[in-house]
2 protein chains.
Amino acid sequence: MSSRNISKTVIKRLPVYLRILDNLIRRDVEIVSSRELSLESGFSAEQIRKDLTYFGAFGTRGTGYNTVFLREKLLKIIGLDQKTKIIVIGAGHLGTALTRYNALKNPYVEIVAAFDRDLQVIGQKICGIEVLPFDQAPEIIRKHNIKVALITVPADSAQEVVDKVVENGVTAILNFAPAKLHAPEGVHIHNSDLTIELQSLIYYSTAEEERLSRLKQGAEEEKSQKMLKLE
Amino acid sequence: MSSRNISKTVIKRLPVYLRILDNLIRRDVEIVSSRELSLESGFSAEQIRKDLTYFGAFGTRGTGYNTVFLREKLLKIIGLDQKTKIIVIGAGHLGTALTRYNALKNPYVEIVAAFDRDLQVIGQKICGIEVLPFDQAPEIIRKHNIKVALITVPADSAQEVVDKVVENGVTAILNFAPAKLHAPEGVHIHNSDLTIELQSLIYYSTAEEERLSRLKQGAEEEKSQKMLKLE
């Protein structure tokens, strides 16, 4: 089966299954049912069975899936059966936080280096990972055949950074810069725009407040109508 | 028009329009066409016109939208016409990065306080914002009528934190903890799971590499077939 046929929404669910399986295996759980996977993930058991059958993982009826076997299968499909080498461009606060987090908590990636242009941070180490001058990025990307980059630079230099890393072989970018970035076909850019996330959330908090005040108002009106009836 | 009728995908586009308008206004641009908005946002001009008509913003045919007017309109719809008071729970590296970023770069929110349980960080200030003991969160939430919280605590304490802040009035949560969280109806939780993002991106980088190697293999085969023909 060609990996290109898998839809984006399925791809987003696979790492969720993987995390659940990692937790189960840590607790020595050998078998998991689609129902249990459903409770842990929030996806329907039917959806999960469909996803997994699609990847050739078949559960045993009435018992479930072998956790270790299913995990191995998922690692291969996602491409995590070997550690993925990644780089971080931008070693400010967010870049540092992401570098630390992945260095300490993500067993599936190896951060080869972080890059920055600020002389104040160049030469520093983040959990043993060196911050190098951005000029050295092309050399490092080629040397280690790096395909994945995290970008946490300011919006106005993000496109230039993307151009440079793509030119040297990067094909997948997780972008935290609040900017619309362009890349040639075949290069994947995922935007993780925290301001946009926060603002759309604020919309819901406002709407919720309005809704509550409308509900309260409704209750008040009902109450005063009741009082009118009593008079 | 009730704000409850707007779909989630539209809500996600509004802050994008807002950011573009902010940039245009900074450059003293008074009028913007749906075509220009399309170029900047990546959404189709048709989609943009539809979204904006929906909110009662009508452009002038052949010219476009008044940037200042449209921005005011969007601020009201999203609920950003007044600064939104938010809190950050978890003042580790990610929490600190998010606090700093919003304090310095996000004019639409006011971070009232950050909270942590670690005595090493309690009492510190992040861009003038104090890190308080988590025990004080209920009091602060009630006092400032806070509806929005950013959560960057470890996965195993995330649910407890959600329960506590929701109990005290928070209705919208941006969660960075790698955990599936539960909240009563009416509370919105947006999950920003950076590991899941990264892993699904790795899938694409692998698939891309495979695709390239298949293409290369195909080219090699074609080449050797040509050579066979030459013989």
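# A friendly tour of a predicted two-chain model

In this predicted model, chain A holds an open sheet of seven strands in the order 5-6-4-3-7-8-9, with mixed pairing.

Reader: Which strands of chain A stand at the edges of the sheet?
Author: Happy to start there. An edge strand has a single partner strand, so one side of it is left without a neighbour in the sheet. In chain A that describes strand 5 (125-126) and strand 9 (188-191).

Reader: In chain A, which residue stands opposite A:I89?
Author: Look at strand 3 (residues 84-89) and strand 7 (residues 148-151) of chain A, which pair in the parallel sense over four bridges. A:I89 has its opposite number in strand 7 of chain A. That residue is A:I151.

Reader: What angle does helix 7 of chain A make with strand 7 of chain A?
Author: Helix 6 (residues 137-144) of chain A lies across strand 3 and strand 4 (109-116), running at about 175° to strand 3 of chain A. Helix 7 (residues 155-167) of chain A lies across strand 3, strand 7 and strand 8 (172-175). With strand 7 of chain A, helix 7 makes an angle of about 170°.

Reader: How many residues does the largest nonpolar core have?
Author: In soluble globular proteins, nonpolar side chains tend to be buried together. Here, the residues with the most contacts inside the largest nonpolar core are A:I87, A:I89, A:I151, B:I87, B:I89 and B:I151. A:I87, for instance, is in contact with residues including A:I111, A:F115, A:I140 and A:A149. The number of residues in this core is 122.

Reader: Are the residues of strand 7 of chain B buried or exposed?
Author: B:V148 and B:L150 point one way from the strand, while B:A149 and B:I151 point the other way. Strand 7 of chain B pairs in the parallel sense with strand 3 of chain B over four bridges, and four bridges join strand 7 to strand 8 of chain B, also parallel. B:I151 is the bridge partner of B:I89, and B:A149 stands opposite B:I173 in strand 8. As for B:V148, B:A149, B:L150 and B:I151, all are buried.

Reader: Is B:N145 buried or exposed?
Author: B:N145 has a positive phi of about 55° although it is not a glycine. Its place is in the loop between helix 6 (137-144) and strand 7 (148-151) of chain B. With 9 other C-beta atoms within 10 Å, B:N145 is exposed.

Reader: Which C-alpha of chain B is nearest the axis?
Author: Chain B can be laid on chain A with an RMSD of 0.0 Å by a turn of 180° and a shift of 0.0 Å along the axis. That is the relation of a two-fold axis. The C-alpha of chain B nearest this axis is 3.2 Å from it and belongs to B:L94.

Reader: Where is confidence lowest in chain A?
Author: Chain A averages a pLDDT of 87, and 87% of the residues score at least 70. Confidence is highest in helix 6 of chain A, at 98. Where pLDDT is low, the predicted coordinates should not be read in detail. In chain A the lowest mean, 68, belongs to helix 8 (residues 194-230).

Conventions: Residues are numbered from 1 along each chain as its sequence is written. Chains are lettered from A and ligands numbered from 1 in the order in which they are written. This is a predicted model: local features need pLDDT of at least 70, side-chain atom pairs count only at pLDDT 80 or more; totals for chains, interfaces and linings use all residues. Helices (H or I, at least four residues) and strands (E, at least two) are DSSP runs, numbered from the N terminus. A residue is buried if 20 or more other C-beta atoms lie within 10 Å of its own, exposed if 12 or fewer, and partly exposed in between; C-beta atoms are placed from the backbone. Copies are superposed by least squares on the C-alpha atoms of residues with pLDDT of at least 70 in both. Two strands pair if DSSP finds at least two bridges between them. Two residues are in contact if their C-beta atoms, placed from the backbone, lie within 7 Å. Axes are lines fitted to C-alpha atoms, for helices over the stretch in contact, and angles run from 0 to 180 degrees between N-to-C directions. A nonpolar core is a set of buried Ala, Val, Leu, Ile, Met, Phe, Trp, Tyr and Cys residues joined through C-beta atoms within 7 Å. pLDDT is the predictor's confidence in each residue, from 0 to 100. Lists of a residue's contacts leave out its neighbours within four places in sequence.
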